[in-house]
Amino acid sequence: MNDAMPRWADIVLIPIINLVLALLVSGIVVAMIGENPFEALVFLIKGAVGSAYGWGYTLFYTTNFIFTGLGVAVAFHARMFNIGGEGQAALGGLGVALVVLTVPWPHWLLALPAAIVGAMAFGALWAAIPAYLQARRGSHIVITTIMFNFIASALMVYLLANVLKVPGSASPESARFIEGARLPNANDLLPFLGFPRSTPLNVSFLVAILACVGVWVLIWRTRLGYEIRAFGHSEPAALYAGISPTKIVMVSMLISGGLCGLMAINAVMGEAERLVIDPVQGAGYVGIAVALMGRSHPVGVFMAALLFGVLYQGGIEVQYEIPGFTREMIVVIQALVILFTGALDNMVRAPVERVFLSRRRQPVAPEPTTPSQPGGHPEKGQAEP
Amino acid sequence: MTEPLAIELRGISKAFGPVQANRDISIQVKRGSIHGIIGENGAGKSTLMSILYGFYRADSGEILIGGKPTEIPDSQAAIDAGIGMVFQHFKLVENFTVLENVVLGAEDGALLRPSLAKARRLLRQLADDYEMDVDPDAVIEDLGVGQQQRVEILKALYREADILILDEPTGVLTPAEADHLFRILNGLRDEGKTIILITHKLREIMEITDTVSVMRRGEMTATVRTADTSPEELAELMVGRKVLLRVDKKPATPGDVVLEVENLRVVDDRRVERLRGIDLTIRAGEILGVAGVSGNGQSELLEVLGGYAKGTGTIRVNGQPIDLTGRTSDARSRRARGIAHVPEDRQREGLIMDYRAWENVGFGYHDDPKFGAGFLMDNAALRRDCEGKMERFDVRPPDPNLAAKNFSGGNQQKIVLAREIERNPDLLLIGQPTRGVDIGAIEFIHQQIVALRDQGKAILLVSVELDEILALSDRIAVMFDGRIMGERLPSETDQGELGLMMAGMAGSGVAA
Amino acid sequence: MSVIEVIQLLDSALRLATPLLLACLAGLFSERAGIFDIGLEGKMLASAFLSAAVASYTGNVWMGLFAGIGASLVLAAIHGVASITFRGNQLISGVAINFLASGLTVVIGEAWFALGGRTPQLSGGARFQAITLPFADAVADVPILGPVYAQLLSGHSILVYVALLCVPLTWWVLFRTRFGLRLRAVGENPAAVDTAGVSVVGLRYAAVMICGVLTGIAGAYLSTALSAGFVKEMSAGRGFIALAALIFAKWRPWYALGATLLFGLLEALGNRFQSLDILGVTVPTQFMQALPYILTVVILAGFVGRAIPPRAGGEPYVKER
């Protein structure tokens, strides 16, 4: 090991420190509004994982966040920041609704694969335009994906209010999906675990786990993943190696958008069973926190998604237990996680690295590390072993 | 010593993490003199000067300016102490005018107009005094490098610098521009200014300095009067032992033509023509060395041959034309045609610095069936391949799991070289093979290049080091301003003639 | 449409453009100094909340304004610490700030007022009142020009005029002062500023703080002038529209005025008409709402007048030899 610190510290220790800091600040906020943060934490955990009912919701939210977290993570590997998960997931919902509403599905086993294709295709489509503009016109993907979130939201409102609305109904939502397209929930699949009928956890959770495996294979075991990571590390090197930047930007964003869109099979097909105005409910943004905290690794994404699942479900329960507490507190925690793991990473990393360096220096003379320097004039920082 | 000292450093040390960049350095520079600091890449020259300019703080030691102990915590303190610095990479705001750049940071008062008016007057005067004519209203990005460098000098003079530090100032200049710069520097010295010139070029030291200090591995090995020394002695002090740049090689036995280039042109993003009609041929079993000051089109030549710059003209490999603009004009297709490429900048292009060594040995060849079937990669195969390469090319430490960034420059280069040479290419493109590489590895790398030639491969060698070109090449082509000025045989030319050609002053005539 | 209707529409456009203009100029200072700021939305929201809250407590809108600016400055300082001191990713920091504001305003609002995230209705001295410009009544009857002066230009709150004055002021600061020269330089090439002996960190913090003040005013305007109190998520994407306007304006103050007036007009049109018939084609109101974003994408795509951002934008400054 020649990096400043061992891998486990980078992957486990630092995210945990970041999380603790985020929870600490959140606790202070809770205390400042006059509530007891420890009491809130107990209610939160109890509400999220203290019952089969709680688990049913926690894992339902987790499923959403796995999809969007994986989506953001794949884009991160190509060094692109996809803030457009929100819009891509909404369009994914549209894709699911169109697939489900146009065919009289006899059984969910047929409907689900078709809905997966619909969700991914529409999510990918919504990522395709910003991706193309980034690849070919150099338009900043962050700004264009933000703009596309707003455009998606306007588009969804228009479609639901004018096109997909059930004639005669006042509410802007699509017709209810037919029984043949109903996904089995946890109660149907695993009745012996005691999930109540009402919990929304459904078979999409298994799809999410498969997606984790799929993304792991894609990033670390395929040629495409090799190219995506190479491009993410260095664009000039990718060009030297004959890797087409256009291809990587397009493909990784299409996969990213597709994964975000996939969220809709859980939220739209699995839970709402109709298309509503905002089926995403901020999950696209949570995906950013999840990918950052999970270090863009599927295992990390899964863990972080579970954490946010707990926070979301637990937060709702705390609201019922403590009158002065609002579930928006979860948004605060989410913000702090993004802040500490994403933007203030160096604040935590530098001291931790120093600790590891000073511990390592005494026993053996360490190998020098070379910071990669643009310009190719390695003036210093190199010595021959 | 009775003359006043402009600068004195006492026992300066500086470490970056585990790397000791400067160790106990002491130096004395007399007022009104030109003092050279010479050393290899990585010897610690730039670090020392960055300490003097307040970019870094020394871990220990003392700085005396004009005999007074001076703290230099930041650049402003350096400027206040009368120090001006011209960096190797200019620090200019590209879309500002010359005037705005000169004034920036040295304005008089909160409003711009009076500052700009004053600067305009002063610039005119400085231009008259030191023949440094630049249009004050020109925008920096429209100026050539020589002119931009003058703006940097003017910036320092505008701040009334008495001590001027120049870091590798001639790296981007033609010999004619360099001569002009030296005239300016001589003029400044005659005015009583003190100049510190950092370079790794012996010729410049001998030509212009009064005294010279030699740095090696972070230490100051000697300070001598230039008149009392010789290039040979300085070279020995620099590298620590006699350098043997003659590479043992048999005469070339060229075979069939491998590479033919006709009227090759490249236009860059700014619509500047970087290659203006290149013609060259390379036969099997020969090394064509391309000499030139960096920035005269050599990089573009490598990039277009390597497949990642677009160009027009004709390139044939083994008699078959190559696609220069279409769908197969990328680096991948070039590799398929038997062209291997060791790029000029291994850290930026040749390696993914965060990839482990085993991942890097497949870089560029990652779709070779050898490294996996279908869309999956066989990481075990890559690891095995890496272990073999590390042994054959003596990469140290021989650990495939180490990230590329954790190898030294020489060992990084060996990884790239092993990857490219072992593909058994028909044509090897190799740029700056020993830049930032230690002496021990240089010999090894040179031997590998000659061995590849002896196997009957065609090699295009681009280097800014004339010694390297002369030692390795079977033929030498000199590039200037996007053109080939002429070709020479190494046995029939010398550094002087090549230097003139590199400045675009002589040439024509094709050897062999 | 009658002249009066047109004037009413333009009047409404000016009101709606004001917060966009202030936020756009705020972003201009920040981005010209090389600090991307997608947290305009969050700063505006935080300011809107705190200014309404303080105004309702004290009954004094000026106290509210200062509190709002303070809230915005705190978030700006977080952005500064993350992106300048710790060289973090500026975009991620901005995202975090947006969520922080979105969550905290509701959490604190509920704790203080228990009104579902809203503040009490503001009235009287707790709101910015319309100002009648001199002679507005006297010239009101002059054809065309009278109503333009009396109804379109006169009768806004003081913050509208402040915002309009900020345009020439910003231009002057940026292009006629030492500070402006250094600010622009630090966004283009911080190394040039650093080697010239000027503190990159100091300049960038200054820019981020100016950005905080201006977004603070924008937020206060939302809750104490445009509306009478804070409502959950009341910034409603205006921070992003301001960002869009900034790109549209190519990071220039006068263009910023034009861009924000255009986007204000679009919003006014969307509010006034459920759908518009243009040459026989029915344009739904949702399209009008999405138009600023669509226009920005078109500009970003470079099909109409390419926008070139400051070169060092988004890059943390690390010293290099």
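Biologist: How many helices and strands does chain C have?
Modeller: This is a predicted model. Both element types occur in chain C. The count is 13 helices and 4 strands.

Biologist: What radius of gyration does chain C have, and why does it agree with a compact globule?
Modeller: Chain C has 321 residues, so a compact globule would have a radius of gyration near 20 Å. The C-alpha atoms fill a box of roughly 65 × 50 × 40 Å along the principal axes. The value for chain C agrees with the globule: 20 Å.

Biologist: What percentage of the residues in chain C is buried?
Modeller: Take the contacts in chain C with a separation of 6 or more: 76% of them join residues 24 or more positions apart. Burial is counted over the 321 residues of the chain. The buried part is 56%.

Biologist: Is N98(C) buried or exposed?
Modeller: N98(C) sits in helix α4 of chain C, residues 90-113. Buried takes 20 or more other C-beta atoms within 10 Å. N98(C) has 27 such neighbours inside 10 Å, so it counts as buried.

Biologist: Which residues does N98(C) contact, leaving aside neighbours within four places in sequence?
Modeller: A46(C) is 52 residues away along the chain, with 9.1 Å between its C-alpha atom and that of N98(C). The contacts of N98(C) beyond four places are G39(C), E41(C) and G42(C).

Biologist: How many residues do chain A and chain C give to their contact?
Modeller: On the side of chain A, α5 (108-137), α6 (141-162), α12 (283-293), α14 (328-343) and α15 (345-361) each supply at least two residues. By class, that side has 26 nonpolar, 9 polar and 4 charged residues. The contact takes 39 residues from chain A and 38 residues from chain C.

Biologist: Where is confidence lowest and where is it highest in chain A, going by the mean of each element?
Modeller: Chain A has a mean pLDDT of 88, and 92% of its residues reach 70 or more. The lowest mean is 83, in α15(A), and the highest is 97, in helix α8 (residues 204-221) of chain A.

Biologist: What distance separates the centres of domain 1 and domain 2 of chain B?
Modeller: The assignment gives domain 1 (5-239), domain 2 (244-338 + 425-512) and domain 3 (355-424). Taken over C-alpha atoms, the centres of domain 1 and domain 2 of chain B are separated by 34 Å.

Definitions and conventions:
Residues numbered from 1 in each chain as written. Chains lettered and ligands numbered in written order. Predicted model: local features only at pLDDT ≥ 70, side-chain atom pairs only at ≥ 80, totals over all residues. Contact = placed C-beta atoms within 7 Å. Nonpolar A, V, L, I, M, F, W, Y, C, P; charged D, E, K, R; others polar. Rg over C-alpha atoms; globule rule 2.2 N^0.38 Å. Buried ≥ 20, exposed ≤ 12 C-beta atoms within 10 Å, placed from the backbone. Domains from an automatic or database assignment. pLDDT = per-residue confidence, 0-100.
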